[in-house]
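Please keep the sequence and the three-dimensional view at hand while reading.

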Amino acid sequence: MFEPGFIDDSYACRTGKGTHKCLYRLKSFIRKVTRNYTRPAYYLQGDILSFFNSINHDILLNLLTEKVKSPDLISILERIITLESIYNPIKRGQLSLFDKIPRHKSLFYAPHNQGLPIGNLTSQFFANVYLNKLDQYVKHHLRIRYYIRYVDDFIILENDPEVLENYRSKISDFLQTNLRLKLHPKKQIIRPIESGIDFLGYFIKPRYTLVHRRVVSRFKSRLKEFRDDLSKDNIDWDYIIAVINAYYAHFLHADSYNLRVHLWRKHFGDLRYFLFPLNNFSYFEKKRSILNSSPPPRTLF
């Protein structure tokens, strides 16, 4: 019902519009705007302040009723959107961590008639409906050619930084006037593309793409957890291999061969006794013949 009305360059929570599809689309835009890297260009990157906590229920329902004509379906959507999830919630985990959540990130402090729980799949879909209003304004009113959006993070490419500054001002005004949203004051960037773009867990330069440091750091932390678990009984190797291969699948979309080899040699430690890399360090399988053995002395490594 809604998909035909979305622009091609809106990504996340859409079939065939995932993280890596978005990455390659941005890289193709970079090639085009720089004319195969032969001319300078700039990018505007914007992020919406506390996006999910700032979604206005009335505006969202009005956008939904433009397409949905079934009273029963509208009733269900209204119940989902207006559900007061802050009352009688079931809290799990280390409860003291709830106190560390910034107020503007928590539904417990959101104004009445505002905010969606970020974990709900419906919220992810509603985000696309809500920001489609911005997409249409950008594409059909401002007529911006190189625009891409992943949830509430958007990028615009241009050859003139002053044009981008003008776009930023107009988009900021549009968001406040029509959607009651604000651009994050510390996450509005206009820079040369040559300096690199931090987006979707990658650092994208005109001629190459790197895995972002924070992703690598998180992966090293997971490897340490798995190494520490080697002394325990009933190790879930399927889970460990799934996590490792998920990270390596992410790495494969960057220029990362040296990184993948370095991690294997320097950070897998005793895990190397149980796993082996395949297809030029693209993914891993377990060594079935020695899975029930104890790891060798660390001096072997």
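**Helix H5 and what follows**

Arginine 143, which comes after helix H5, has a positive phi near 55 degrees. The model described here is a predicted one.

**Helix H5**

- Helix H5 covers residues 121-141, a run of 21 residues.
- At leucine 131, H5 bends by about 35 degrees.
- Leucine 131 is also one of the buried residues of H5.
- Other buried residues of this helix include Phe126, Ala127, Asn128, Val129 and Tyr130, as well as Asn132, Leu134 and Asp135.
- Ser123, Tyr137 and Val138 are likewise among the buried residues of H5.

**Loop residues with positive phi**

- Asparagine 36 is not a glycine, yet its phi is positive, at about 55 degrees.
- The loop that holds asparagine 36 runs between helix H1 (19-33) and strand E2 (42-48).
- Asparagine 36 has a relative accessible area of 54%, and because the cut-off for exposed is over 50%, this residue counts as exposed.
- Arginine 180, again not a glycine, has a positive phi of about 55 degrees.
- Arginine 180 is placed in the loop between helix H6 (161-179) and strand E5 (183-192).
- With a relative accessibility of 57%, arginine 180 is exposed.

**The protein as a whole**

- The secondary structure consists of 9 helices and 10 strands.
- Along the principal axes, the C-alpha atoms fill a box of roughly 65 × 60 × 35 Å.
- The protein has 301 residues, of which 43% are buried.
- Of the contacts between residues at least 6 apart in sequence, 66% join residues at least 24 apart.

**Surface and charge**

- The protein has an accessible surface of about 17400 Å².
- Carbon and sulfur atoms account for 49% of that accessible surface.
- There are 47 positive and 29 negative side chains in the protein.
- The centres of the positive and negative sets lie 5 Å apart.

Definitions and conventions:
Residues are numbered from 1 along each chain as its sequence is written. This is a predicted model: local features need pLDDT of at least 70, side-chain atom pairs count only at pLDDT 80 or more; totals for chains, interfaces and linings use all residues. Side-chain values use heavy atoms; hydrogens and water are left out. Helices (H or I, at least four residues) and strands (E, at least two) are DSSP runs, numbered from the N terminus. Buried means under 20% relative accessible area, exposed over 50%, partly exposed in between (1.4 Å probe, protein chains only). Contact means heavy atoms within 4.5 Å. Accessible areas come from the Shrake-Rupley method with a 1.4 Å probe; for residues, only the protein chains shown count as cover. Lys and Arg count as positive and Asp and Glu as negative; His and the chain ends are not counted. The place of a charge is taken as NZ of Lys, CZ of Arg, CG of Asp or CD of Glu. The expected span of a helix is 1.5 Å times one less than its number of residues. The bend at a residue is the angle between axes fitted to the seven residues ending there and the seven starting there.
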